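Open the model in your viewer and keep the selection tool at hand. The stops below follow one after another.

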Amino acid sequence: MALCCALCLLLLCCQALALGGGMLYPRESASRELKELNGLWSFRADFSAQRDKGFVQQWYRKPLRQSGPVIDMPVPASFNELTQDPNLRQYTGWVWYEKEVLLPRSWLLNALNTRVVLRVGSAHYYSIVWVNGVQVTEHEGGHLPFEADISRIVQGSPGALCRITIALNNTLTPQTLPPGSIQFMTDESKYPRGYFVQNTKFDFFNYAGIHRPVVLYTTPSVYIDDITVTTAWAGNSGMVRYQVLVRGNTRYSLSLNLREKEGKVVATGEGPIGELKVVEPKLWWPYLMHENPGYLYYLEIRGKGLDWSLIVKDFNLLQWLGANSFRTSHYPYAEEIMDLCDAYGIVVIDECPGVGMKDPENFGNKSLAHHLVVMEELIRRDKNRPSVVMWSVANEPASELSPAANYFKTVIAHTKAIDPTRPVTFVSNANYARDHGAPYVDVICVNSYFSWYHDAGHLEVIQLQLNTQFENWYKAYQKPIIQSEYGADTIAGLHNDPPLMFSEEYQKAVLKEYHSVFDKKRKEYVIGELIWNFADFMTDQATTRVLGNKKGIFTRQRQPKAAAFVLRDRYWKLANESNCLRPTLTLQFMSGY
Ligand code: GCB
């Protein structure tokens, strides 16, 4: 097994709160085999009035095709826009997925020494999973992986056929992350009987489906369940502290090799806890901040649909722009994307799906308890990644409400207890004087849309208002500030000069006004600027949305708008200005994964 780790500038302080178990990314090795279940699955949406027919009729008990019609549905992907059926696009409730797979005989015969694990990279939002009709797990929340040990079921079944059924519900409630609510329309003069809609208060389409790869993998019966690596650096020495959680037996031996990128062993260790010392470590640097960014060591310890062409294109565009960072707005991205950030030197602010938290009921105990679990799952998954520099626990919550104070105090304290090595933030659009969460963050992240959502069309007020925004926040908190969103909707190909809203000229003008203030403030306390948004993306329909959110500097097809060239000039200029660690990270949002 190989684990990427980095020798980065993280200060180690107190002991981290231990989580129950691991969620290692599945990789093939001498002791682990992997079978991808991507491709076409059988699918049916339950259109019954209560959406409960599948449970009443127990669709998981036999092949899905035997309980009614099925269609082919690709995994990983969202189901919403793959057919021409508008009812499926807008569907809320339970949908059913099924895949039948033949398992290698060796997985079944060597039962004493082989565990078979089913892992779902992410499924939005609530999943119940059966294997051969037996429930093996349930999971709440999209964007993060979950898994189940299915050895006993498949190894106990006659034959090698393994039938995996996943019932998935995309309903959002006030206690989910992100939250939402179902509104029943009871006026029968306007709506048919039983009519309901899903309401949300976030600005992206609530795509649903099995969004990331589903795999079956094996481990030996004594296996590594989790690995935690933290790094420190002093003088010309690097320290890699590691802790390995082994399950299945208390008697085992464990040895470690730390290898350079080129394969040479630079440190070795024995036993589940220890420290490896590296002389003259090669540090992990962000893209454009070093001639060899994204340097990874390998630690060897014993024996909205993922689309690779889109991902490669997007990373090429990031590099073309000269951008070195992004926030995973507004939910964790796929592990495959995070791997590329580690390898290419793209700095990540890793955000959980705490978006659309606008109502008092989103700050109750049930939401809070779930939020803590989501942070645990996120940190368990991404804790060893050198690219992750900060955790973001939410985007634009109603942090001026009084329950937000205790809520964010608790979420941030819990996040820091699990990972004492990284700063924590949430992204605010509240008034600086009324934000109850800001006292607890390490870095202030602020979103603002001057000359767009207010003072529409008035480019001339941007500089004054932005300057006031920064000064207010800095005076109140004396913490570093990141402009975590700014931008303007732009229809590609629409031109007007002088610049008017929605034209390419207007988007460019907004950016230039913002940049002139950034250039002053980055000499003081502004440490990052994040354009909203990397590429256009789909949202719910609304009078303010033209086939989705058009604030991308690239179209949904990844063609640059004029603003992309403004940013490209800026980011490369910033990169060339600094010889080494420059104060400002050029940050870039991505959306749509
Ligand atoms: C925001 C939100 C983001 C929206 C954006 C906009 O403040 O964080 O989700 O898409 O504004 O374009 O309105």
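Predicted model: local features only at pLDDT ≥ 70, side-chain atom pairs only at ≥ 80, totals over all residues.

Residues are numbered from 1 along each chain as its sequence is written, and side-chain values use heavy atoms, with hydrogens and water left out.

**Aromatic rings.** The structure holds 42 aromatic pairs (rings of Phe, Tyr and Trp, its six-membered ring, with centres within 6.5 Å; planes under 30 degrees apart are stacked, over 60 edge-to-face, the rest tilted). Select Tyr60 and Trp130: they are stacked, 4.4 Å centre to centre, with 5 degrees between the planes. Tyr60 sits in the loop between helix H1 (53-56) and strand S4 (71-75), and Trp130 in strand S7 (residues 126-131), so the pair ties together parts 70 residues apart in sequence. Helices (H or I, at least four residues) and strands (E, at least two) are DSSP runs, numbered from the N terminus.

**Sheet.** Show the open four-stranded sheet, ordered S2-S13-S6-S9 with antiparallel pairing (strands pair if DSSP finds at least two bridges between them). Strands S2 (34-36) and S9 (146-149) are at the edges, each with a single partner strand. Pick Glu36: its bridge partner in S13 is Val215.

**Ser387.** Go to the loop between helix H7 (365-382) and strand S22 (388-395). Is Ser387 buried or exposed? Ser387 has a relative accessible area of 0%, so it is buried (under 20%; exposed is over 50%, partly exposed in between; 1.4 Å probe, protein chains only).
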